Every structure is written in structure tokens, then in C-alpha cells.
Amino acid sequence: MDAERILAGQRGSVPRYTSYPTAPHFADQNGLAIARSRLRKLPAGEAVSLYLHIPFCDRLCWFCGCNTKHTLKYAPVEAYVGALITELATVRETAGSRLRLAHLHLGGGSPSMLRRPDFERLSSALREHFDVGPETEISVEIDPSDVTDETLTGLVALGVTRASVGVQDFSDAVQQAINRPQTFEQTRDVIAALRATGIHSLNIDALYGLPLQTEERLMATIEKVLSLSPDRIALFGYAHVPWMKKHQKLIRDEDLPGTMERFRHAALAADRIADAGYRRIGIDHFAKPGDTLAIAAEEGRLHRNFQGYTTDACQTLIGVGASSISSYGDAYVQNIVPTAQYEKAVQDGQISAMRGVQLNLDDRIRAWIIERLMCDFAFSFDALEDRFGYAARSYIAEAKIAVANDTFGLCHIDGNSFAIREEARPFTRIVASWFDAYLNDSSVRYSKAV
């Protein structure tokens with residue numbers, strides 16, 4: 001396939017589709033009512049997932065696109081953990097009963113900067129307000145530069161079962177360009193220490209598209225990542241969005257690889273990871289064949305949420321913390337973003353939800369189509385009709401029209417399914433955008449499509 005022609009002839013930037021509608025289309029001020037309504041409707045004992053956001057870092061990496069801020073003092077972090085604990089109690093009170101915790105993910109920012117007493121406080125609060133059992137998967141994002149013996153003790157107290165270690169790139173030049181110093185030896189030793197605590201399920205995040213990143217530097221990083229033998233690898237494309245994240249202006253545009261260079265780097269790195277025996281998962285994840293993510297992909301049970309690809313099949317994902325996003329099946333809600341305003345709302349006994357959107361039938365059908373494309377690179381017309389009945393027929397017709405108008409041959413009708421051709425899978429976000437009803441009328445700017 002002529003990638004250059006495709007990228008020139010299609011949208012240059014599209015959403016990453018961790019939700020549909022995407023966050024820019026949530027409406028201001030109606031999230032609180034949605035959150036209260038959905039929490040009150042949850043049956044007692046319902047299996048739910050939790051996302052806890054830690055919006056602090058002890059250094060600000062210039063490539064970061066997360067809602068976080070730099071702090072050299074721990075007191076604000078300690079106070080914020082207190083607000084998280086208060087919000088967990090408010091969620092339980094609003095729901096009216098204990099809910100069963102299937103998945104818990106701590107993201108940031110840098111959750112690994114928490115000190116042992118705060119991990120212990122969170123652990124106690126979670127077990128007070130939710131049913132946490134041996135089957136609960138608890139994952140945390142790790143910055144190796146934060147990890148101390150106290151951190152490891154805290155992770156054990158929380159009951160962490162999976163850790164995601166940020167690497168990005170091991171090249172000194174690239175690390176200086178993104179303000180992320182981190183040696184291979186430091187990373188190797190932290191991973192060994194995590195495994196020694198009993199956390200044997202490990203993911204490593206690597207990035208392509210970074211400033212001063214060359215093919216040689218990227219592939220050297222991939223070889224070092226493979227030598228650590230993680231269970232999963234995420235190979236993300238750096239999202240350069242300085243109009244949204246002002247600190248990214250510290251990265252010089254002239255140091256960034258061009259679109260076709262990004263494309264080649266991504267393909268080379270993905271092929272090397274696959275050659276090492278990892279199963280390709282969606283557009284940017286890889287897993288060892290026996291990993292639960294690989295098994296879910298093989299069995300058609302893969303899902304996608306705000307943390308990326310997941311085995312989490314819960315209908316309800318409750319976001320706790322500033323800027324966190326909740327998913328209630330037929331609605332999304334985002335919490336208050338500024339940390340100080342979030343903490344005030346929580347201490348006043350409020351749920352911190354602010355922005356939200358209730359999904360109509362069109363939203364729910366398109367969300368299902370886009371998720372299946374992002375996870376399976378195809379969707380079945382029969383499955384669409386089984387799920388949505390007669391309403392599915394117009395979307396099947398829309399899919400057939402999309403194939404007829406597809407001058408680049410990215411897709412085809414395969415039996416009774418709409419499918420992305422295997423060689424066109426790097427362009428999956430572009431194909432998914434064909435089913436996005438909000439995109440043409442939106443002035444929102446997104447990151448590069450590849």
C-alpha cells in the first residue's frame with residue numbers, strides 16, 4: 001500500500017478512540033446529574049472497575065499529554081490522597097451498597113511517587129467501600145525514577161497484580177529532548193524488584209515519533225525492552241499537541257520526525273516485537289501468547305477504554321480523582337480537572353463529576369462499531385443486528401457505501417462483515433473516523449493519525 005498517498009489523501013489527525021463520543025464532545029455542567037443517576041441505579045454486588053488518577057509528578061516530562069502537574073513537595077500529594085479517600089466514600093454512599101471491584105487502575109501523573117502510608121490508606125479505603133477479592137486485578141503505572149523500597153512495600157500493601165513501566169526511549173539524546181532521564185540499568189533493576197515482590201505481570205510502554213529519535217535509536221530501545229521480557233508491550237505514537245499541552249512547546253518542531261518517518265519507525269518496531277514472539281493486539285499493543293490480553297484478542301473479547309486495550313468487560317468504570325473519566329455504558333462523565341477545585345468539591349461531600357454526555361442510539365451504535373474496528377479490525381453485520389435490531393440496517397448500508405468510496409482499498413466486505421485489510425491496519429484510526437458523526441462538524445484538533 002502507498003502509505004504516503006493514503007496519509008496525504010485522508011485526515012492528517014484523528015482521535016485515538018478510547019471512547020466515542022470523545023471527551024471534547026462532553027457537555028459542560030451536566031455530569032453531576034448523570035453520575036448520581038447512574039450510581040444509584042447500580043445493583044448491589046455489581047462488578048465495576050475503578051480508575052484512580054494521581055495528577056502529580058516530581059518532574060514534568062515534556063512529551064506528556066496527561067492531566068498532571070509538577071510538585072517538589074509531598075504535602076499536596078498527601079492531601080490529595082485524603083480527597084480520593086473521601087470521594088471513594090461518597091461513591092459508595094451514592095451507590096447505596098457495596099460494589100464488587102473487578103479492576104482497579106492507578107494512573108497519572110505518577111502513582112509510583114506515593115509513599116507507603118498513602119498506599120496503605122488507599123488500600124484500607126478501597127476494602128472498606130468495595131468488595132476486593134483475590135480475583136481483583138490491581139494495576140499501577142510506574143516511573144522507575146520514583147521507586148524506592150518504601151514504594152515496593154506500598155505496592156504490596158495495595159495488592160498490585162500488574163505494573164506498567166514507562167520507558168519511552170533509552171537514548172540519552174532523546175531523553176534530554178523530552179526531559180526524561182532514565183537509564184536502562186535503573187529500569188532493569190526496578191523491574192527485577194517488582195518481580196521479586198510477586199508482581200509478575202508487567203507491561204512496558206515505548207514511544208515512537210519522539211524528538212531526535214532515529215531508526216537506530218528506536219530499534220536499540222526495542223532490543224533493550226525485549227531483553228526485559230515483559231508480558232505486554234505498548235508501542236505508542238507520541239502525540240504532539242502543544243496547543244493543548246503548553247509544556248510540549250519546549251520540544252522543537254524541527255526535532256520531530258516527519259509523518260512518513262514516524263510511519264516507518266512504527267512498522268519496524270512493531271515487526272521486531274512480533275518477530276520476538278509477541279502477539280499483535282489492536283493497533284499498538286503486544287502480548288505474549290499466554291497473556292490474558294492475547295487470549296481475549298483471540299476469543300473476540302478484547303475491549304478498549306481510557307487506559308487503552310483491556311480485558312475489562314465491566315459495564316461501569318468509575319473514575320475517581322481530578323480529571324478522571326467514568327463510563328456507565330450509556331453515558332460518560334469527566335470529573336473536575338483543576339486539583340484545588342476537585343478537592344473542595346469532594347470535601348464538601350459532592351461527587352466531583354462535571355462534564356458529561358448521555359449516549360443516544362446513534363452514539364451507542366457508532367461506539368460499538370468503532371470499538372470493534374479498533375479491537376478486531378472488523379465488525380459483523382449479524383452481530384450488529386443482534387445487538388441493535390432493525391436500527392442496525394442503516395449503518396450496514398453506511399459501511400457498504402464506505403467500501404464503495406474507499407479509493408485506497410483500506411477495507412472490504414468479507415462475507416457478512418466490514419473488515420480492514422491486514423496491510424491497512426496501521427490506518428485503523430482513519431477508518432474508524434469514517435463512522436464518527438461528530439468529526440466533520442468539530443473544530444477540535446487531534447494528534448497525527450499514524
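Visitor: What should I know about the model before reading it?
Guide: The model is predicted: local features need pLDDT of at least 70, side-chain atom pairs count only at pLDDT 80 or more, and totals for chains, interfaces and linings use all residues. Residues are numbered from 1 along each chain as its sequence is written, and side-chain values use heavy atoms, with hydrogens and water left out.

Visitor: At what angle do α3 and α11 pack?
Guide: Helices are DSSP runs (H or I, at least four residues), and strands likewise (E, at least two), numbered from the N terminus. Axes are lines fitted to C-alpha atoms, for helices over the stretch in contact; angles run from 0 to 180 degrees between N-to-C directions. Here α3 (residues 75–95) and α11 (residues 339–347) pack at about 40°, with axes 9 Å apart. That makes α3 oblique to α11. Under 35 degrees counts as roughly parallel, over 145 as roughly antiparallel, 65 to 115 as roughly perpendicular, and the rest as oblique.

Visitor: Which residues of α3 and α11 make the contact?
Guide: Contact means heavy atoms within 4.5 Å. From α3 come P76, A79, Y80, G82, A83, L84, T86 and E87. From α11 come T339, Y342, E343, V346 and Q347.

Visitor: How do α12 and α13 pack?
Guide: Helix α12 (residues 361–376) meets helix α13 (residues 381–388) at about 150°, with axes 11 Å apart. L361, R364, I365, W368 and I369 of α12 meet A383, L384, R387 and F388 of α13. By class, that contact has seven nonpolar, no polar and two charged residues.

Visitor: Now a strand residue. Where does S201 lie?
Guide: S201 lies in strand β8 (residues 201–208). S201 is buried, at a relative accessible area of 15%.

Visitor: Which side chain does S201 join in a polar contact?
Guide: A polar contact is a pair of N or O atoms within 3.5 Å; within protein, one must be able to donate a hydrogen and the other to accept it, and residues adjacent in sequence count only if both atoms are side-chain atoms. The S201 side chain joins that of R162 at 2.4 Å. Not counting residues up to four places away in sequence, S201 touches T161, R162, A163, D231 and D291.

Methods: Buried < 20%, exposed > 50% of the residue type's maximum accessible area, 1.4 Å probe, protein only. Nonpolar A, V, L, I, M, F, W, Y, C, P; charged D, E, K, R; others polar.
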